[in-house]
Amino acid sequence: MRYSLILLIALPLHAQLTGGGLTGFVFDPSGAVIPDARIEVKDALHGVARAARTGSDGSYRVSQLPVGVYQVSAAKDAFRTDERERVAVEVDSVRRLDFTLTLGTDTVSIDVPSARLQVEASDSGAILESSRIEALPLNRRGFLQLALLTPGAAPPVQDSELSSRGTFAAHVNGGREEFNNFLLDGMDNNDLYTNRYVLEPSVDTIAEFKITAGSYSAEYGRSGGAQVNVITRGGSNQFHALGYEYLRNRVLDAPNYFDAGTANKYVRNQFGGTFSGPLRKNKTFFFLNIDALRERSGLARLATAPTAAERTGDLSGRSSPVIDPFTRRPFPGNIIPETRINRVSKLVLGLFPMPNREGTAGNYLAQPVLSNNFAQGGGRVDQYVRGGGIVTVRYLYSRQNLFEPYAEETTDVPGYGDFVGNTGHNAMAHYLQPAGANLVNSLRAGVNRSTRSALPQNYQRNIASEWNVPWLGAIDTRDYGYPFFNIQGYSAVGDATPLPLLRYTTTYQLQDDVSWIRGRHAFKTGFEARNNRANGNVDLLARGSLSLSGAVSGSGISDLLLGIPTFALQAKLDNTQTLRTTSYNAYFQDELKLTTRFNLTLGLRYEYNTPATDPYDRMSIYDPATARILRVGMQGVTRSGIYPDRNNFAPRAGFAWSVRPRTVIRGGYGLYYDSGMLVQVSSQYFNPPFFTLRAFFPTATQLITLDNPFPATGGISPVSPSTLNSGLTTAYIQHWSFHVQHQAGNATTVSVGYVGSAGAHLIRSRDLNQARPGSGDLAPRRPHPEYSGIIYIEGSGNSNYHSLQASVDRRFSKRFSLLAAYTWSKSIDDTSAFLSTKPDKNFPQDSRNFHAERAVSSYDIPHRATASFVVNLPYKLEFRGITVLQGGQPFTPLLRFDNSNTGNTGGNFGSDRPNVAGNPHLDNRTPDRWFNTSALVVAPKYTFGNAGRNIVRGPAYVTFDAALARRFRLTERMQATLEAQAFNLTNRTNFDLPERYADEPATFGHIFSAKPPRQAQVALRVSF
């Protein structure tokens, strides 16, 4: 036990990345233990077996068993052999299976009950086996959404980075969405640039998957949130095949709340199949799959566009005067003469559609069509070798071509979407070899590659030529498209400024784990190395961005008609990205059986992530000490801009106590480091000399115009560097949990527990050069007048999370199964993500006062309840369902303009907030007025608003998905299943978040979009 004082107390050995294990005791009829009893574990589907013997304390362990169903027996001379049938071994779990041998010479065989009380485990999480994954109605057949059915899991905030483009994201036990680790057969499945997953395998390729939500073992690392481990299927001694077709059409759907009376266009066709079997009986097995999707989906969204009268200069409907900037007098009748309307302004107005609804806010209903073409496939081969060894080789590939009508959620006007291409490759080789009964070695090697391209919708249009404007003539052909126009009071138009984007990321991984059983101890140790490479381009602001805030003539539309922007930005860039980093991880742990009813686990993990570098040193940093921009690798600057952080030791601790045969108390503690994202380091590519931003403002003596808003001379080149704190330390989260789990009957387990977490050194950003509120020119009031804003990325954020979590898991028995969960929680932080989201910019209003940012997290949902079930009905029918009920997510009201005059211009920087003048809550909320907008007013000029982060709650979310299925026996081995599915069966309108800009009263508090209405799908599956 001497080493335990060094390692502290850690978590259970039972974590096994691609399989599970069995453990237990063998007793005689008096309750005494039986040493040297023979344990045999048989896998009939593959014709193999593993053996073990009990130790002097009567205990046995069999580790690193592939996921599957086994026959397990215990035998000893003079005793009857005790044989257990259909013993399920699940991923990343150790099953307790005790035997009591009676005197005699025959064999006793019994089935094992379906309920599986985890008496060895101290972690919190859930295992979802293939039967449950296949049975439940999954919208878009994305199995990862089942992770949201587990306690402590919450959905992403609206329009978050990782949930964009239809992908999955989640917040688990207070962790950020970028804190989750996705594994395929225990191997890396992450795009390190933003930490999204690369591949989501087809439902029919999955044996099972586990989401481990907290207090997990030292075998897991890399991320501080959940570990999502997916195990793919392999072949067996029998040939199996499956073909399927899932079809949707709008004739079966209900219209969206904002539709014009009929449902949007919707056609979705998903089809594919699997084929598996033996290449050599009892030796070599294969599994193949293919899956394809063709989707056309209409979207409904309200936008605000200029009216026909406004386009001609008739602004007489406005109550405020329209000022002539040259005479400083109002235009008579608020009508701008035709001769004063700028030529380019008319072209910009042409980017807006004509209104098709009454009023001036939300007066255009857009119904563009999203198109999505997706295909994936792959194969797996398992070779069983001598001594119980297994060699597995697996490869998966996916490709997606997607057109999004709304790119980066920058506008509600169609015509400025993007074309997205995604490809993913994941290859793995695994060699598992037992060396005797008590020693097992597992060696893995893998490659994970992701490619992403995102082009603006108008990437083939040369606007400089079409509009005959000189200020777009110098851009590269790859940056063709429209500039971006942000007009106060109207929806923005133009192609998104962060596009085009092209990125390749590759991870090479090598991992080795050794399990050794000795007496009461089960040791495990391992080493892992991951080499990560990312190449790409992000041509930010290459086409330029123009803001028309009304500061010149009194309104955004009058500024546009006169062709006088308030603010104009354009970048010159040559900043191709090539980032390289390597991660080294090692761990040691021991599961100790103190008694037959109490397990204590000990362990420690070490992680070191080398700071990302560019082989060509094409990055630069801002040095706060000298107030200079320095190129990395020179003048004392490290090649990464930051110093290595080498002291990341992560202790883990856990216990499991069987207080009664059917009741277990478990608890755990662990410290978990997060490897971060390359997007943070890539900010150093957006500094001079590789990236230069030019800005233009009107002055007292000269205005800027749409005829040439980016002249070769004039304006300023506000050097607005982005830099990392050179002493940046690795973010980490501490997790702790305490659960009581009880088995009720043979099929049901009930669990109640407390789960908490605390994050430290979390990545956040602030403006190091923000001026204090006040009048006058901005630059002279900055701490460093020679620079504009300075984005400073530091590891100083923190969070805490507390929750009560309850669940009921009834495995299929007596025609019924149920998985239900309830979470009552509160999450608090000062920044909820590194990147901006719609609910909150994740950038402080006052960069000198992060204390004012502390509030409930953007993903805080106090109450969330989920339930999924399967019921067998007469006539071979099955009724299946998933229901979700949760409260609304919070969001932050903002101002569109820099009211404080501190540099809060939005975009990559902060935004001002309003003042609170009352209670924002409304008892009778409607889409036209979701909260009391009069309670949030523009603060006095040159002051920060006193409204905090996330002080208003958005709409709640309630949905019920259901399916009715009927199985048909076609032949002795062939069957078909016909299924009808309905998502959001009750057709409840789940609104999106309301508009949040308090200085735009025409839209403030309005909701202009909603999540999908009822959608129906029919499916046919044929298998043998």
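1. Basis of the note. This is a predicted model, in which local features need pLDDT of at least 70, side-chain atom pairs count only at pLDDT 80 or more, and totals for chains, interfaces and linings use all residues. Residues are numbered from 1 along each chain as its sequence is written, and side-chain values use heavy atoms, with hydrogens and water left out.

2. Strand β38. This strand covers residues 663–673. Helices (H or I, at least four residues) and strands (E, at least two) are DSSP runs, numbered from the N terminus. Ten of the eleven residues of β38 are buried, where buried means under 20% relative accessible area, exposed over 50%, and partly exposed in between (1.4 Å probe, protein chains only).

3. Partners of β38. Two strands pair if DSSP finds at least two bridges between them. Strand β37 (residues 648–660) pairs with β38 in the antiparallel sense over eight bridges, and a hairpin of two residues joins β37 to β38. Within this pairing, Ala656 has Arg666 of β38 as its bridge partner. Strand β41 (residues 732–744) is also antiparallel to β38, and eleven bridges join them. Here Tyr669 stands opposite Trp736 in β41.

4. The second largest cavity. The structure holds 16 cavities of 30 Å³ or more. On a 1 Å grid over the protein atoms alone, a cavity is a set of points where a 1.4 Å probe fits but cannot get out, and lining residues have an atom within 4 Å of a point. The volume of the second largest cavity is about 500 Å³; a volume is the space filled by probe spheres set on the points, and grid points are joined across faces, edges and corners. Its lining has 33 residues, and the closest to its centre are Asn609, Asp674, Ser675, Gly676 and Gln680.

5. Composition of the lining. The elements that give two or more residues to this lining are β30 (521–538), β33 (577–593) and α7 (678–682). Of these, α7 gives the most, with three residues. By class, the lining has 14 nonpolar, twelve polar and seven charged residues. Ala, Val, Leu, Ile, Met, Phe, Trp, Tyr, Cys and Pro count as nonpolar, Asp, Glu, Lys and Arg as charged, and the others, Gly among them, as polar.

6. Glu90. This residue lies in the loop between β6 (81–89) and β7 (94–96). Glu90 is buried, with a relative accessible area of 4%. Its side chain makes a polar contact with the side chain of Arg811 at 3.2 Å. A polar contact is a pair of N or O atoms within 3.5 Å; within protein, one must be able to donate a hydrogen and the other to accept it, and residues adjacent in sequence count only if both atoms are side-chain atoms.

Technical notes:
On a 1 Å grid over the protein atoms alone, a cavity is a set of points where a 1.4 Å probe fits but cannot get out, and a pocket is an open set with protein on both sides within 12 Å along at least five of seven lines; lining residues have an atom within 4 Å of a point.
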